[in-house]
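This report describes a protein chain for a reader who is meeting its structure for the first time. Please examine the sequence and the structure shown below before reading on.

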Amino acid sequence: MVVKSNQMEMKQEKRFFGLSGNVFFAGLVSFCMDVSSEMIYPLVPLFLASVLGVNKAMIGLIEGSAESMASLVKVFSGWYSDRLGKRKRLMLAGYSVSTLSRPLMALAGGWHQVLAARLVDRFGKGVRTAPRDAIIADSTEPSWLGRAFSFHRSMDTMGAVVGPAIAFIGLQVYHSSYRQLFWLSSLPGVLAVLIIVFFIREKRDAPVRADAEKPRSTGGGKLDRRAWFFIVIVAVFALGNSSDAFLILRAGQLGVPAAMIPAVYLLFNLVYSITAIPAGIVADRYGRKRLILAGFVLFAALYAGFAVAGSPLAVWVLFALYGVFMGLTEGIQKAFLATLTPEGLKGTAFGLYAGAVGLAALPSSLIAGVLWDRVSPSATFWFGAATALLAAALFAVFIAGIKSKPSFGE
């Protein structure tokens with residue numbers, strides 16, 4: 001049996017902190033790429049607004065379009081990795097494309113060029129995300145899924161701590177030259193690609209689903225109905241979870257100096273990284289559903305906080321709590337989805353999950369930008385709080401409906 005063969009292989013391979021080599025090095029890859037991404041991400045909305053003079057609605061369009069590009073690619077990349085049974089090459093291609101986007105950002109002279117750079121970057125993310133998540137799931141025992149995905153999120157987020165820290169220092173060294181930092185961000189991206197080449201191993205017995213139906217014809221119809229319902233709930237939540245660019249713009253509006261924005265974002269990612277692994281351990285031991293539900297409720301409270309905040313101090317506190325929310329939910333949602341998905345369809349499931357979140361990003365960011373420009377900045381965050389509460393209510397119904405049904409691998 002393929003499943004038994006995979007489990008035997010997992011037990012025999014070298015472990016790093018109890019995790020398989022693929023999980024450990026996938027985490028290291030994400031650490032390097034997030035150093036690269038987060039060196040520039042908190043600066044992009046500032047670059048667009050202050051250097052290129054772009055309004056908030058256009059910033060929302062740029063970010064939403066980029067994330068939607070990624071979402072469409074994620075669906076097919078996940079399906080194709082299941083059909084092909086070779087996930088590493090897709091992971092490598094995706095990280096390589098994203099690294100190539102950094103020079104495009106550095107050379108951008110208008111909003112349309114920034115959009116092009118963001119589309120290239122997110123295309124690469126779309127190619128790599130589902131195959132990478134499937135590699136992690138294929139390389140992990142079911143009882144360790146929460147820890148494996150939370151470790152990955154923690155490493156990813158540690159990169160998002162180091163990246164803004166470099167940006168913060170770089171703004172001082174380069175006298176607020178955004179373009180110099182955009183060029184510098186290429187280096188950790190190259191390192192991420194090299195780690196994939198030399199250290200990520202294709203699972204020899206990875207399930208191959210040559211008969212898997214294309215997402216465009218069936219939407220991955222062979223998935224369990226519970227997986228579909230969970231993906232719908234996550235999409236509802238994502239509709240109000242607009243781009244973090246709006247959190248950054250809100251911080252600036254409330255009096256946080258532009259030079260301190262990377263430090264605020266660093267705090268968020270530091271808290272996120274610290275809480276992710278403990279949250280994964282707790283989820284594996286006491287239940288993933290409870291933490292996911294708590295995360296939805298916490299998000300609603302946080303966005304309400306951003307709506308009523310009136311000082312820079314409130315911004316620092318809210319960004320720290322936002323890190324707690326991310327630690328409670330991001331990796332654990334993927335671990336939970338893995339338990340709802342049979343072997344050989346995990347790439348498809350992760351692709352659909354990421355695709356649903358990404359597709360919601362375009363209307364989410366557009367709505368956020370329009371509410372900001374035409375109603376008030378607070379309206380953007382009240383909308384997000386309302387959709388989070390709706391998602392929490394739907395997830396509570398979901399929990400009640402699956403109590404008697406066993407999950408895959410549990």
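The model discussed here is a predicted one. Gly 159 belongs to helix H7, which covers residues 145-173.

Setting aside neighbours within four places in sequence, the contacts of Gly 159 are Phe 31, Asp 34, Val 35, Glu 38 and Pro 164. The C-alpha atoms of Gly 159 and Gly 27 lie 9.8 Å apart in space, although 132 residues separate the two in sequence.

## The chain as a whole

The chain contains 17 helices and two strands. It has 410 residues, of which 58% count as buried.

Among contacts with a separation of 6 or more, 86% are between residues 24 or more positions apart.

## Salt bridges

Side chains of opposite charge can pair when their charged atoms come close. The count of salt bridges in this model comes to seven. One of them joins Asp 121 and Arg 102, with 3.1 Å between the closest N and O atoms. Asp 121 is in helix H6 and Arg 102 is in helix H5 (residues 88-107), so this pair ties together parts of the chain that are 19 residues apart in sequence.

Arg 122 has 9% relative accessibility and so counts as buried. A further salt bridge connects the side chains of Lys 334 and Asp 133, at 3.0 Å from N to O. This pair links distant parts of the chain, since Lys 334 lies in helix H15 (residues 312-339) and Asp 133 in helix H6, 201 residues apart. Lys 334 counts as buried at 6% relative accessibility, and Asp 133 counts as buried at 1%. Elsewhere, salt bridges with shared partners join Arg 102, Arg 118, Asp 121 and Arg 122 into one network.

## Trp 111 in helix H6

Helix H6 spans residues 111-138, and Trp 111 is located in it. Is Trp 111 buried or partly exposed? Its relative accessible area is 37%, so Trp 111 is partly exposed. Buried residues are those under 20%, and exposed residues are those over 50%, so a value in between is described as partly exposed.

Not counting residues up to four places away in sequence, Trp 111 touches Leu 48, Leu 52, Val 54, Met 58 and Ile 62. The C-alpha atom of Trp 111 is 8.8 Å from that of Ile 59, a residue 52 places away along the chain.

## Phe 306 and the packing of two helices

Phe 306 is part of helix H14, which runs over residues 288-308. This residue has 0% relative accessibility and therefore counts as buried. Apart from residues up to four places away in sequence, Phe 306 touches Leu 247, Arg 250, Leu 318, Phe 319 and Phe 381. The C-alpha atoms of Phe 306 and Ala 251 are 9.0 Å apart in space, while the residues are 55 apart in sequence.

Two packed helices are described by the angle between their axes and the distance between the axes. Helix H12 (residues 245-253) packs against helix H16 (residues 346-374) at an angle of about 20°, and the axes are 11 Å apart. H12 is therefore roughly parallel to H16. In this packing, Phe 246, Leu 249, Arg 250 and Gln 253 of H12 meet Ser 365, Ala 368, Gly 369 and Trp 372 of H16.

## A nonpolar patch on the surface

Which residues form a nonpolar patch on the surface? The patch consists of Val 190, Leu 191, Leu 194, Val 197, Phe 198 and Phe 199, and together these residues have about 530 Å² of accessible area. Leu 191 lies in helix H9, which covers residues 186-199. With a relative accessibility of 43%, Leu 191 counts as partly exposed.

Note on methods
Residues are numbered from 1 along each chain as its sequence is written. This is a predicted model: local features need pLDDT of at least 70, side-chain atom pairs count only at pLDDT 80 or more; totals for chains, interfaces and linings use all residues. Side-chain values use heavy atoms; hydrogens and water are left out. Patches are made of residues with over 30% relative accessible area and no salt bridge: like charges are joined within 9 Å, nonpolar side chains (Val, Leu, Ile, Met, Phe, Trp, Tyr) within 5 Å. Accessible areas come from the Shrake-Rupley method with a 1.4 Å probe; for residues, only the protein chains shown count as cover. A salt bridge is a side-chain nitrogen of Lys or Arg within 4 Å of a carboxyl oxygen of Asp or Glu. Helices (H or I, at least four residues) and strands (E, at least two) are DSSP runs, numbered from the N terminus. Buried means under 20% relative accessible area, exposed over 50%, partly exposed in between (1.4 Å probe, protein chains only). Contact means heavy atoms within 4.5 Å. Axes are lines fitted to C-alpha atoms, for helices over the stretch in contact, and angles run from 0 to 180 degrees between N-to-C directions. Angles under 35 degrees count as roughly parallel, over 145 as roughly antiparallel, 65 to 115 as roughly perpendicular and the rest as oblique.
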